[in-house]
Amino acid sequence: MAADYPDIDIAPFIDHALLTPMATPEQVEQWCEQAYRYNFASVCIYPTYVKQAAEILHGKNPKVCTVIGFPTGATTSSVKLYEAQEAVENGATELDVVLNLGWLKFGKTEEVHREIAEICEETGQIVKVILETSLLTDAEKKLATELCMDAGAAFIKTSTGLNGGATVADIRLLKEIVRESIGIKASGGIRTYEQALDLIQAGATRLGTSRGIDLIRQRDNLDKKE
């Protein structure tokens, strides 16, 4: 292992994401098999593939994660709730829900809180709220995080990956806010093993990436150089 980095097994941190709009059932099967083989935390796929993923991973360690209100968060609360409930009925045990940024920026904090709280309460599953940190001020990140914590979210997630990605600075800021009360998922633009380690050291407890296998291979290559 490179001297500047601790010996951390990043595999259990990874949500193995397949969120391209061109994803096929064959790719979903491949992603599920990879998540199991590499001991990733979950496979994260679109709602249309939740039932397939749940069948493949039944009785296995990786969780089935899906996205709700993805990627804008601007669908109505009733639609988000239905989407979340249907996903759980189909086998999802983790829900990555996109925050309504327009509401947050306009000051509709009660609506933001109510939307997340309803999803948490009605599904009873792990909810990770996507803040899209690159579009928020630090004050907005703090407000959004506090609202989501109070609403019952299990994780705060940085990004969809479509408007910028995770930064060490954002993870440190979120860590200061949540401390040890909920998890932090860093997502978007994680391309190197060293970057993954930096995010974990800053406080990330999950990593959302489609490059999980590549990160593991980078780690293995570093080990061979020692």
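Q: In which hand does α7 pass α8, left or right?
A: α7 passes α8 in a right-handed crossing. Right-handed here has the near helix turned clockwise from the far one by less than a right angle, left-handed anticlockwise. This is a predicted model, where local features need pLDDT of at least 70, side-chain atom pairs count only at pLDDT 80 or more, and totals for chains, interfaces and linings use all residues. Residues are numbered from 1 along each chain as its sequence is written, and side-chain values use heavy atoms, with hydrogens and water left out.

Q: What is the angle between α7 and α8?
A: About 20°, with the axes of α7 (residues 168-178) and α8 (residues 193-202) 8 Å apart. The two helices are therefore roughly parallel to each other, a label for angles under 35 degrees.

Q: Which residues meet there?
A: Val168, Ile171, Arg172 and Lys175 in α7 meet Asp198, Leu199 and Ala202 in α8; contact means heavy atoms within 4.5 Å. The residues of this contact divide into 4 nonpolar, no polar and 3 charged.

Q: And α3 with α5, at what angle do they cross?
A: Roughly 25°, and the axes of α3 (residues 77-89) and α5 (residues 109-123) come within 10 Å. That makes α3 roughly parallel to α5. α3 also passes α5 in a right-handed crossing. Among the residues making the contact are Leu81, Ala84 and Val88 of α3 and Glu115, Glu118 and Ile119 of α5.

Q: Switching to cysteines: how many disulfides?
A: A search of the whole structure finds 0 disulfides, a disulfide being a pair of cysteine sulfur atoms within 2.5 Å.

Q: What about Cys120?
A: Cys120 is in no disulfide, and the nearest cysteine sulfur, that of Cys148, is 8.2 Å away. Cys120 is buried too, at 11%.

Q: Where is the cis peptide bond?
A: From Phe70 to Pro71, with omega near 5°. Pro71 lies in the loop between β3 (63-68) and α3.

Q: Glu132 has a positive phi; what value?
A: Near 60°. Glu132 is in the loop between β5 (126-130) and α6 (138-151), and counts as buried at 3% relative accessibility.

Q: And is Arg179 buried or exposed?
A: Arg179 counts as exposed, at 61% relative accessibility. Its phi is positive, about 55°.

Methods: Axes fitted to C-alpha atoms, helices over the stretch in contact; angles between N-to-C directions. Helix = DSSP H or I, 4+ residues; strand = E, 2+ residues; numbered from the N terminus. Parallel < 35°, antiparallel > 145°, perpendicular 65-115°, else oblique. Nonpolar A, V, L, I, M, F, W, Y, C, P; charged D, E, K, R; others polar. Buried < 20%, exposed > 50% of the residue type's maximum accessible area, 1.4 Å probe, protein only.
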